[in-house]
Amino acid sequence: QQMKDILGREIQIGDIILEAQTNYNWIMAGVVSKFTAKNVFYFWSTDTQDVNHIGERFCKPKYIIIISEDDLLRMLEQDEFQNRYINFNDVFEIKKRLKI
């Protein structure tokens with residue numbers, strides 16, 4: 001079964017994605033890990049003291065935007081993203097460590 005992001009692109013394991021919950025006004029970055037019939041699961045770096053801990057979240061595909069590494073890096077350069085709760089840089093670490 002194909003899952004598609006907000007823009008209609010097929011979501012694949014290993015994709016870097018943004019979960020945009022507009023009603024809560026926050027964005028989470030992650031790396032797609034698996035699917036169920038209705039949800040997309042993704043790894044993200046939790047804000048714990050343990051740097052090796054990786055959390056897994058899930059959401060409906062309608063909240064997902066697939067993003068390229070270049071676009072994510074561009075976002076990191078924007079001042080408005082500097083004070084977010086999630087460290088977007090960790091997405092690259094996750095992708096490297098898990099080799100996905």
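This is a predicted model: local features need pLDDT of at least 70, side-chain atom pairs count only at pLDDT 80 or more; totals for chains, interfaces and linings use all residues.
Among the elements that cover the buried residues of helix α1 are strand β1 (16–21) and helix α2 (90–98).

**Helix α1**
- In α1, which spans residues 69–76, the residues Leu72, Met75 and Leu76 are buried, and because they cover an arc of only 100° around the axis, they lie on the same side of α1.
- An α-helix has 3.6 residues a turn, so residues three or four places apart point the same way.

**The sheet**
- Five strands form an open sheet in the order β4-β3-β2-β1-β5, and their pairing is antiparallel.
- At the edges stand β4 (54–59) and β5 (64–66), each of which pairs on one side only, while neighbouring strands of this sheet are turned against each other by 45° on average, direction ignored.
- Strands of a sheet pair through backbone hydrogen bonds, either parallel or antiparallel.
- Strand β2 (residues 26–35) and strand β3 (residues 40–45) run antiparallel and are joined by four bridges, and Lys34 stands opposite Phe41 in β3.

**Gly30**
- Gly30 belongs to strand β2, and it counts as buried because its relative accessible area is 0%, where the cut-off for buried is under 20%.
- When neighbours within four places in sequence are left aside, Gly30 is in contact with Asp15, Ile16, Ile17, Tyr42, Phe43 and Val91.
- Gly30 and Glu56 are 26 residues apart along the chain, and their C-alpha atoms are separated by 8.8 Å.

Terms used
Residues are numbered from 1 along each chain as its sequence is written. Side-chain values use heavy atoms; hydrogens and water are left out. Two strands pair if DSSP finds at least two bridges between them. Helices (H or I, at least four residues) and strands (E, at least two) are DSSP runs, numbered from the N terminus. Axes are lines fitted to C-alpha atoms, for helices over the stretch in contact, and angles run from 0 to 180 degrees between N-to-C directions. Buried means under 20% relative accessible area, exposed over 50%, partly exposed in between (1.4 Å probe, protein chains only). Contact means heavy atoms within 4.5 Å. The arc is that of the directions from the helix axis to the C-beta atoms.
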